[in-house]
Amino acid sequence: MGRRCFFFTECDADATIIIPSSKMPLCNMHFIKYTENRVWKLIDGNALLNSKTKEKILVAVSGGKDSQALLVILDELFHKRIHMEAVFIDLKIGKDNYSENSLRYTKELCDKLDIPLNTVNIMEEQQYSIDDIISLKQRFHEKGKSNRLSKKESEFVSRGECSFCGEIKRYHINKFAAENGFTKVYTGHNMNDEATKFLQNLISMNLLLLVRSGPVLDSNNEQAVPRLKPLYFISEQEVILYTYLKKIPHIETNCPYSKTPSKKFRKIIEDIDGVQNGAIYSLMKKYQKTLKPLLVNSVQELNTYSKCNKCGMLSSRKKCAYCRTTEFIHKYLFMADAGTKTDSEENEFNLESSSDHDSSYFISEDSDFALPDFQNDVQDFYMDELNEEEKSDFE
Ligand code: SF4
Ligand code: ZN
Ligand code: ZN
């Protein structure tokens, strides 16, 4: 006979899951309740709902299981008591109709929950899509077969698709939230996502990004809207089960470009949990409690910001990472012979004043993880960041 559900009070039902972090045996109904309670505790425990000011929450949705589950949980917790809207960044991934299908699932859920859905079309915002980045990379790749690529071109080619995509999403979500008076941005990153980034940043010993690892990214700057990851301590398996039990519509196919090195790190995280159930939860929880406060003190003085001189958003350099990437892409994408020029011809297209050329041009100061891939020298990258006192900005 299986174990009985134990959810603080007696329950006659059989347990269908034992929560790795708390070892609680739960039935389906109480698993749902328990998951929603954990999200509520994280929000409440971090005083993220300010009763004195009128909260206006923006939930970043992608059509995937995590953000769809988050939207349902938040609706259960706050339904109509707090102003809540969703935003979908339409990346215009045409391959496999990925963006179109993702948007369809998002619309379906928002309609069902009666939550206003905003869509940011990146073609309108920046005149290039993720597909354009892929084809530009391919053009440089071809060029590299017969010509030596410049440093910027090499960096561009070696950078993972998800790194570009993440930068674009973070930028537009924050910009939309700041321009429309939202007080918080909620995103659906689960514990496995965050543990994967944590591991990558640990290996590269990027203290700046390690310090920013956490369920809350607070800000007192009006251009950087505070961000919360309510699923930070909820594992991918738990999200999958919640989504299944609540019959939440979501896109089930993977993004056609999801083949970054982080997948291998994700597998390592799963393997660690396989050796000791709940080990990753314990690591993430204990890091927040013990090591992070020590790191915060030692890294804090590096966190100063200014404004990007192009878009005016918060940045640690003269131009923010997003503007540097966009400028590069525009220069090459709209030239018919882009990616075919030689190095000397390339010099005509200096993209920024020389003072910004020293360190990696594309390494995003607000990236989720230290290196888009591991072809760059980890140590040099990190030292560059510290020496130039170019501080990380809003994740
Ligand atoms: Fe973007 Fe990568 Fe996600 Fe695809 S898998 S949507 S490229 S971040
Ligand atoms: Zn029960
Ligand atoms: Zn900018």
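Select Arg 4 to begin: this residue stands opposite Asp 14 in strand β2. Strand β2 covers residues 9–14, and β1 (residues 4–7) runs antiparallel to β2, joined by three bridges. Strands here are DSSP runs of E with at least two residues, helices are runs of H or I with at least four, and both are numbered from the N terminus; two strands pair if DSSP finds at least two bridges between them. Now click on Phe 8, which takes a positive phi near 65° in the hairpin of β1 and β2, where one residue lies between the strands.

A word on what you are viewing: this is a predicted model, in which local features need pLDDT of at least 70 and side-chain atom pairs count only at pLDDT 80 or more, while totals for chains, interfaces and linings use all residues. Residues are numbered from 1 along each chain as its sequence is written, chains are lettered from A and ligands numbered from 1 in the order in which they are written, and side-chain values use heavy atoms, leaving out hydrogens and water.

Next, select ligand 2, a zinc ion. Which residues hold its protein donors? They are Cys 5 (SG), Cys 11 (SG), Cys 27 (SG) and His 30 (ND1), 2.1 to 2.3 Å from the ion. Donors are N, O and S atoms within 2.8 Å of the metal (3.2 Å for Na, K and Ca); water is not among the atoms, so sites may look incomplete. The four donor atoms subtend angles of 105 to 118°, which makes the arrangement tetrahedral (for four donors, all angles between 85 and 135 degrees). Cys 11 in β2 and His 30 in helix α1 (residues 28–45) are 19 residues apart, so this pair links distant parts of the chain. Cys 11 is buried at 16% relative accessibility, and His 30 is buried at 9%; buried means under 20% relative accessible area with a 1.4 Å probe, protein chains only.

Cys 308 and Cys 320 are both buried.

Then show helix α10 (residues 236–245), whose buried residues include Val 239, Tyr 242 and Leu 245. Just after α10, Lys 247 has a positive phi of about 55°.

Conventions
Four donors count as tetrahedral if all angles lie between 85 and 135 degrees; four count as square planar and six as octahedral if opposite donors are over 155 degrees apart and all others between 65 and 115; anything else is irregular. Buried means under 20% relative accessible area, exposed over 50%, partly exposed in between (1.4 Å probe, protein chains only).
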